[in-house]
Amino acid sequence: MTWDETGEAVTDRLVAASADGEDRAVEAALRPKDLGEFIGQERVREQLDLVLRAARARGGTADHVLLSGAPGLGKTTLSMIIAAEMGAPIRITSGPAIQHAGDLAAILSSLTEGEVLFLDEIHRMSRPAEEMLYMAMEDFRVDVIVGKGPGATAIPLELPPFTLVGATTRAGLLPPPLRDRFGFTGHMEFYAPAELERVIHRSAGLLDVDIEPDGAAEIAGRSRGTPRIANRLLRRVRDYAQVKADGLITKEIAARALDVYEVDLRGLDRLDRAVLDALLRLFGGGPVGLSTLAVAVGEERETVEEVAEPFLVREGLLARTPRGRVATLAAWAHLGLVPPRHNDAGGSQQGLFGP
Ligand SMILES: Nc1ncnc2c1ncn2[C@@H]1O[C@H](COP(=O)(O)OP(=O)(O)OP(=O)(O)O)[C@@H](O)[C@H]1O
Ligand SMILES: [Mg+2]
């Protein structure tokens with residue numbers, strides 16, 4: 001298995017939260033342009049609104065902002081909104097792109113006053129670059145090292161005030177000194193179905209797709225709380241509606257389309273369901289070891305652990321225990337199966353060969 005630059009497993013799944021090539025091509029057109037257009041994330045939006053308003057009123061530069069949250073929840077979108085709201089240009093780079101402190105120095109020294117520097121996947125920056133960033137964030141100054149060896153000298157360089165917007169899918173991996181230098185941290189949450197419905201209606205409008213409210217609700221429910229997935233499912237359902245119907249997305253069309261694409265009512269795809277199915281039917285709900293489970297579904301250990309399990313755990317369908325993987329009662333209900341009588345979801349061996 002391979003991993004992308006955000007550390008998420010690369011798959012061709014319709015319900016993957018990371019961006020594929022098509023997503024990247026259409027996302028620019030679908031991105032909300034200002035805070036008013038940005039749907040959901042009430043808390044982050046309100047707090048950010050205050051930060052930006054206050055900065056504008058002072059006629060100054062906004063504090064550095066850290067955005068953390070799972071892939072596809074709107075971190076990049078929000079960083080562009082911050083620049084737009086401040087009427088400032090934005091420079092976009094990422095942690096993995098900055099290998100040497102010199103790379104960062106080059107970017108920092110070319111910033112203009114008030115510019116927004118968006119540093120995606122900031123937790124993947126190299127250590128020396130990180131240390132340079134501390135000073136730049138705090139004192140708007142960097143030391144540029146000229147020459148090598150004993151003759152090397154540090155030339156201090158003043159920077160214009162700028163706003164750093166850092167994004168990370170792994171806030172826990174950020175060293176505390178870096179985290180502390182942000183004036184504001186926004187934690188992005190998964191979206192409620194009603195919010196995703198609004199995202200879908202908005203995108204449908206931009207893509208010139210006809211959709212009924214029930215149709216949007218059907219897609220929203222299967223989108224795993226993630227706008228990127230909602231937008232992707234919308235495009236696939238649109239294809240189906242065009243080919244199999246008159247183009248209008250109704251509840252019925254959306255449901256039929258997503259059944260064809262094997263995305264179920266809760267947003268589980270074939271792999272997710274295969275894991276649950278094996279856990280329930282072959283191992284009576286567990287506990288069963290990860291390796292055994294992986295063999296049973298004919299996948300690699302890593303695929304089950306990194307690709308399928310996180311969402312199953314988040315949905316409360318599967319639990320990881322010291323004795324192995326265990327299905328919850330919700331898992332039995334979701335697959336329409338009856339749990340064995342004495343299943344205590346904690347490790348009874350009963351029902352190992354049933355139901
Ligand atoms: N609040 C929102 N309202 C409307 N659309 C949204 C919202 N958040 C995200 N989107 C849509 O979802 C897509 C993905 O968002 P974005 O690229 O900002 O996610 P991200 O958090 O940066 O993901 P990654 O971690 O993969 O970089 C965007 O194209 C945008 O259209
Ligand atoms: Mg992004």
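**The shell around ligand 1**

Modeller: Sorted by class, the shell around ligand 1 consists of 9 nonpolar, 10 polar and 4 charged residues, where Ala, Val, Leu, Ile, Met, Phe, Trp, Tyr, Cys and Pro count as nonpolar, Asp, Glu, Lys and Arg as charged, and the others, Gly among them, as polar. This is a predicted model, in which local features need pLDDT of at least 70 and side-chain atom pairs count only at pLDDT 80 or more, while totals for chains, interfaces and linings use all residues. Residues are numbered from 1 along each chain as its sequence is written, and chains are lettered from A and ligands numbered from 1 in the order in which they are written.

The shell holds 23 residues, the closest being Glu 27, Gly 74, Lys 75, Thr 76 and Thr 77; a residue belongs to it if its C-beta atom, placed from the backbone, lies within 6 Å of the ligand. At least two shell residues come from each of α1 (21-30), α3 and α9 (227-244), helices here being DSSP runs of H or I of at least four residues, and strands runs of E of at least two, numbered from the N terminus. Because domain 1 (41-187) and domain 2 (193-260) both contribute to the shell, ligand 1 lies between them; the bounds come from an automatic or database domain assignment.

Among the buried residues of α3 are Lys 75, Thr 77, Leu 78 and Ile 81, and what covers its buried residues includes α2 (42-58) and the strands β1 (65-68), β2 (90-94), β3 (116-120) and β6 (163-168). Just beyond the helix, Gly 87 has a positive phi of about 60 degrees.

Apart from neighbours within four places in sequence, Thr 76 is in contact with Asp 120 and Ala 167, contact meaning C-beta atoms, placed from the backbone, within 7 Å. An unreviewed UniProt entry annotates Thr 76 as "binding site", and such annotations may be inferred rather than shown by experiment.

Key
A residue is buried if 20 or more other C-beta atoms lie within 10 Å of its own, exposed if 12 or fewer, and partly exposed in between; C-beta atoms are placed from the backbone. Two residues are in contact if their C-beta atoms, placed from the backbone, lie within 7 Å.
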